Amino acid sequence: MGGKATRVAFGEALLKVAAKNQRIVVINADLGKSTNTVKFVEKYPDRSFNVGVAEANMIGIGTGLALEGWIPFLCTFATFVTGRFETIRVSLAYVDANVKIVGTHAGIAIGEDGYSQMGLEDIALMRSLPNMTVIQPGDAIEAAGAVEHIAEHHGPVYLRLTRQKVEDVNPPDYQFEFGKGVILDAGKGEGRDLTIMATGGTVYNAREGARQLRSQGLDARAVNVHTIKPIDRELILDSIQRSGRILTVEDHGLSGGLGSAVSEVVAERGEGLVRRIAVRDFGESGDPVELYKKFGLSKENIVAEAKKLVKKD
Amino acid sequence: MPQVAADIQHLKKITQEIRIDIIRMLTEAGSGHPGGSLSATEIVTGLFFHKMRHRPDDPFWADRDRFILSKGHCCPVLYAALAKTGYFPKEELLTLRKLGSRLQGHPYPGRPGERLPGVETATGSLGQGLSIAIGMALAGRLAKKTYRVYALLGDGECQAGQVWEAAMLAPKAGLDHLCVIVDRNKIQNDDFVENTLSLEPFRAKWEAFGWHVIEVNGHDISQVLEALEKAEAVKGKPTVIIADTIKGKGVSFMENNPDWHGKAPNREEGERAIQEILAARL
Ligand SMILES: Cc1ncc(C[n+]2csc(CCOP(=O)(O)OP(=O)(O)O)c2C)c(N)n1
């Protein structure tokens, strides 16, 4: 696998935005080595806090700093921070605190550590909160763009990042555009048979799946949905207009993630079919590639599910 | 001081074998947490090979003493002890962290109907185990059972608020059949505990919360056994044993080095580690 983990791209981008914006501070919870904030801490010791293994405290402290005008980035594993949901709900989101929650180790792709360390319900939780923005970049350049954007964006943000390396899906001159899904291989497929919408670590497989489907005569297009809340309604409705079919793909639990967000828009519209590929159980330990196979996030399964969806009317 | 009748030399030999199993499992898995597994080896050995009442051939025996590994990332030491006492075949250790294995990267008791014997519950998100242990201790009292409940916590883990919510409650409930052991290896994930968020005065904190406190050298198996006996003799309140340990104990290049919190040895390092463990004077 080539590419770069989005958590690594985050650590680099953080240094850039922190140099420009002196109000950015970082709160760690004993996982700085894993979330890539170590360089920030070295460079800006006065703007760094390590609260220890104490994620609820981290959320409160971040909120307090934000209420006083600082821009805290809370950096730890996705599951540990979003797992302290009720603290985020009342202390942070309710008051629209300008806090950036950075959750790394998204999904089953973390592999061998197993379910307890996997962020699998985090999108669902964060998406359920008013005021909260949810962003999940699909490659390194997009992660960098997202970090620049959220540093300037006022209000609570949840940024979801991968532990594993992800292949580049965007061109080198890519510009991150908040709230807008990105059509991959634009111009190569019209999506007259279906649109595949993917996010985060699964975007590459979705793009490869769409390419294979096109080579087999189906007009499939792949879309990278980096902003999950607010969701790009326009692009979803456009996709439904083209084919009536959307296949969603995500390394997250079945309930409440991208698939749910897309389904809500389609259901409200009252026409069109959605099929969801997501993690349909607790995760488990294993090699990430084997896990993607087992849980249906491989390119092969994306292709198979796409074919089922296209036949289904 | 209660006299402990135990074959200390035999137990020392067991700690050596468990350390080797830990290294083998982690080398084979290619990932995992050696430091805190090695530091807890004498504690886990003292419990499973001496103190605890349990029946590996009848793992769900209702009167068994309970053991909760709250610092779940250190499951290699638990799995090694379970295999060695006969809960499951020793060969299974090499399936650690592989797809389909019962030996998950953090403890998981399995789905209903396919329980992994010896693993009481799921841990891996730090700070949660002591509350579960309290629940089991309350249940034992309700059912008029005499089992004891042990919970092993990390010192970094003791930064978690839930630990202190639990710590406040156990003395209030008079749970003298509950015993916490803190593996005080002084290192957490990123750094030394002292550089991250100091716990000191640690003993005084537990005492202030109403616990009986015993401090021991966590690598001296006789001291560990004695402390476990004394804990049982304390009435009316729970006991915490603060076990002074060395993270990575037994492998010189891992000892007291935060880099070996969550990194598996490669084959060559694994071999060197095993040779060192074998060469150590017991
Ligand atoms: C709630 C939670 N936050 C963060 C982590 C990630 N994590 C795993 S081990 C560890 C450090 C634990 O240190 P300590 O309790 O001292 O364990 P030991 O040194 O005995 O391995 C951290 C932060 C976690 N497992 N759970």
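Among contacts in chain A (heavy atoms within 4.5 Å) between residues at least 6 apart in sequence, 78% join residues at least 24 apart. This is a predicted model, where local features need pLDDT of at least 70 and side-chain atom pairs count only at pLDDT 80 or more, while totals for chains, interfaces and linings use all residues. Side-chain values use heavy atoms, with hydrogens and water left out; residues are numbered from 1 along each chain as its sequence is written, and chains are lettered from A and ligands numbered from 1 in the order in which they are written.

Chain A contains 13 helices and 14 strands; helices (H or I, at least four residues) and strands (E, at least two) are DSSP runs, numbered from the N terminus. The radius of gyration of chain A is 19 Å, close to the 20 Å that the globule rule gives for 313 residues, so chain A is as compact as a globular protein of that length. For this figure, the radius is taken over C-alpha atoms, and the globule rule is 2.2 Å times the number of residues to the power 0.38. Along the principal axes, the C-alpha atoms of chain A fill a box of roughly 60 × 40 × 35 Å. Of its 313 residues, 63% count as buried. Here buried means under 20% relative accessible area, exposed means over 50%, and partly exposed is in between (1.4 Å probe, protein chains only).

Take Val157(A), which lies in strand β7 (residues 157-160). It counts as buried because its relative accessibility is 1%. Leaving out residues up to four places away in sequence, Val157(A) touches Val99(A), Lys100(A), Ile101(A), Met132(A), Thr133(A) and Ile150(A). Val157(A) and Asn131(A) are 26 residues apart in sequence, yet their C-alpha atoms are 8.4 Å apart in space.

Next comes His105(A), in the loop between β5 (100-104) and α7 (122-127) of chain A. His105(A) sits at 4% relative accessibility, so this residue is buried too. Beyond four places away in sequence, the residues that His105(A) touches include Arg7(A), Ser34(A), Phe77(A), Gln117(A), Leu161(A) and Arg163(A).

Leu31(A) is also in a loop, the one between β2 (24-28) and α2 (32-35) of chain A. With 11% relative accessibility, Leu31(A) counts as buried. What does Leu31(A) touch, not counting residues up to four places away in sequence? Its contacts are Thr76(A), Phe77(A), Phe80(A), Asn189(B) and Asp190(B). Leu31(A) and Thr104(A) are 73 residues apart in sequence and 9.9 Å apart in space, C-alpha to C-alpha.

Over in chain B, a pair of helices is worth a look. Two packed helices are described by the angle between their axes and the distance between the axes. The axes of α3 (residues 41-51) and α9 (residues 221-233) of chain B come within 9 Å and cross at roughly 60°. That makes α3(B) oblique to α9(B). These axes are lines fitted to C-alpha atoms, for helices over the stretch in contact, with angles running from 0 to 180 degrees between N-to-C directions; angles under 35 degrees count as roughly parallel, over 145 as roughly antiparallel, 65 to 115 as roughly perpendicular and the rest as oblique. The crossing of α3(B) past α9(B) is right-handed, a label used if the near helix is turned clockwise from the far one by less than a right angle, with anticlockwise giving left-handed.

On the α3(B) side, the contact is made by Glu42(B), Ile43(B), Thr45(B), Gly46(B), Leu47(B), His50(B) and Lys51(B). The α9(B) side brings in Ile221(B), Val224(B), Leu225(B), Leu228(B), Glu229(B) and Glu232(B). Sorted by class, this contact has six nonpolar, three polar and four charged residues (Ala, Val, Leu, Ile, Met, Phe, Trp, Tyr, Cys and Pro count as nonpolar, Asp, Glu, Lys and Arg as charged, and the others, Gly among them, as polar). Helix α3(B) is mostly covered, with nine of its eleven residues buried; among them are Val44(B) and Phe48(B).

A cis peptide bond joins Lys229(A) and Pro230(A), with omega about 0°, and Pro230(A) is in the loop between β12 (227-229) and α10 (233-243) of chain A. Another cis peptide bond joins Glu200(B) and Pro201(B), with omega about -5°. Lys186(B), a residue other than glycine, has a positive phi near 70°.
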